[in-house]
Amino acid sequence: MNRMKLFAAILVFGSFWGLSEVLIGSSLHNMGLPSGAIMSGIFALTILVLSRMIFRQTGMQLGIGFIAGALRMFNPFIGCHLCSAIAIVAEGALFELIWYKLSFDSEYLEKPYMQASMGTITAYVLFVGGHIVTQILTPIVAGATFYVQNLIVFMPRIIAGGLLPAITGGVVLPIITLSKNLDITLKDKVYYPTTLGISLICWLLILGNFLLA
Amino acid sequence: MGKEKLIPIFAIIIIALSVFSTIYVYATHIDKDTISLNGNEYTIDEIFALAEEKTISTVEGEKTGVALEDLILKSGVGCPSCSEYTIKARDSYQQTVNWDILKTGILDKTGRVFFPDTPKKFWVGDVVEIEVI
């Protein structure tokens with residue numbers, strides 16, 4: 001695949017994810033809802049699976065995670081923005097690991113119970129793995145010390161927190177795969193202005209939210 | 001065993017593990033209204049009567065509460081700068097900080113600690129214990 005085309009796609013998917021984290025994730029957090037679990041189980045999973053299904057490129061989801069993580073840093077007012085940014089990048093990397101050898105062209109992923117199982121596993125690993133990575137890396141990045149006992153005592157709650165994303169993942173992935181046969185192709189003339197335009201709108205909304213907060 | 005069997009089994013294990021963990025979390029929930037500090041129990045009002053208040057600037061704006069520096073000194077910790085402090089929450093979340101970080105922080109009326117220069121990850125809420133290590 002054309003590298004520029006792939007980069008533009010990474011940019012647009014990453015921008016969408018970043019925007020959803022900043023606006024929707026923050027709103028859920030303000031409402032006292034489990035924002036991390038909902039964001040991992042619905043938004044992150046949808047964006048990562050959809051991008052893999054359309055472009056079939058390994059490595060792309062890590063790039064999407066980097067873009068979204070960088071954009072999350074623009075909302076320092078809600079939640080721990082550094083923790084969230086690290087978790088988002090980790091989720092992109094974890095998706096790559098889980099789906100490294102898997103393809104949507106595989107026959108067994110045609111079956112709904114397999115799609116539901118993969119959705120459960122993927123969403124759970126994204127949430128729990130992202131949470132663990134951020135517990136370890138945030139103190140280190142912030143110049144403090146990571147204490148393993150602080151992670152160990154909190155592990156039961158992290159594992160328990162994975163229940164909601166696991167259930168939503170089992171529902172969301174089969175729904176996303178319904179769009180597998182949709183043919184959405186854009187000509188180069190339209191592709192670049194569209195992807196860059198959408199990305200720009202996402203960034204402006206994030207910037208606007210940052211300035212108005 | 002092929003992927004067709006392994007993947008659903010793994011998904012079921014994940015759900016079961018999360019359910020058991022949820023039960024464990026609720027069963028071990030800490031239910032108390034006091035804060036343990038250096039071996040003594042204090043209510044939030046006693047803490048506010050014990051130490052002086054201060055206001056700090058954070059990324060979320062100004063926050064007012066009891067100065068953790070004064071609180072530790074008045075609670076009788078022998079050598080504050082030689083110790084580290086694990087701040088524990090009701091939900092078992094905890095963070096350990098050194099004296100340089102702790103002395104910049106406050107504990108507010110809701111039982112949440114704030115630090116001016118650390119990520120919010122260190123702002124432990126619903127504090128039930130400050131352990132001196």
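Predicted model: local features only at pLDDT ≥ 70, side-chain atom pairs only at ≥ 80, totals over all residues.
In chain A, helix H2 (residues 35-55) packs against helix H5 (residues 112-141), their axes 9 Å apart and at an angle of about 130°. At that angle H2(A) is oblique to H5(A), because an angle counts as roughly antiparallel only when it is over 145 degrees. The crossing of H2(A) with H5(A) is right-handed. On the H2(A) side the contact is made by A:Gly36, A:Ala37, A:Ser40, A:Gly41, A:Ala44 and A:Leu45. They meet residues of H5(A) including A:Gly119, A:Ala123, A:Phe127 and A:Gly130. Sorted by class, the contact of these two helices has 6 nonpolar and 6 polar residues, and no charged ones.

Elsewhere in chain A, A:Asn209 lies in helix H8 (residues 188-212). A:Asn209 has 17 other C-beta atoms within 10 Å, so it is partly exposed; a buried residue would have 20 or more. In sequence A:Asn209 is 190 residues from A:Leu19, while in space their C-alpha atoms are 9.8 Å apart.

In chain B, strand S5 (residues 84-89) pairs with two strands. With strand S6 (residues 94-98) it is antiparallel over 5 bridges. S5(B) and S6(B) form a hairpin with 4 residues between them, and B:Ser92 in the turn has a positive phi of about 80°. The other partner of S5(B) is strand S9 (residues 127-132), also antiparallel and joined by 5 bridges. B:Lys88 takes part in both pairings: its bridge partner in S6(B) is B:Gln94, and in S9(B) B:Lys88 stands opposite B:Glu129.

Terms used:
Residues numbered from 1 in each chain as written. Chains lettered and ligands numbered in written order. Buried ≥ 20, exposed ≤ 12 C-beta atoms within 10 Å, placed from the backbone. Pairing = 2+ DSSP bridges. Axes fitted to C-alpha atoms, helices over the stretch in contact; angles between N-to-C directions. Parallel < 35°, antiparallel > 145°, perpendicular 65-115°, else oblique. Left-handed = near helix turned anticlockwise from the far one by under 90°. Contact = placed C-beta atoms within 7 Å. Nonpolar A, V, L, I, M, F, W, Y, C, P; charged D, E, K, R; others polar.
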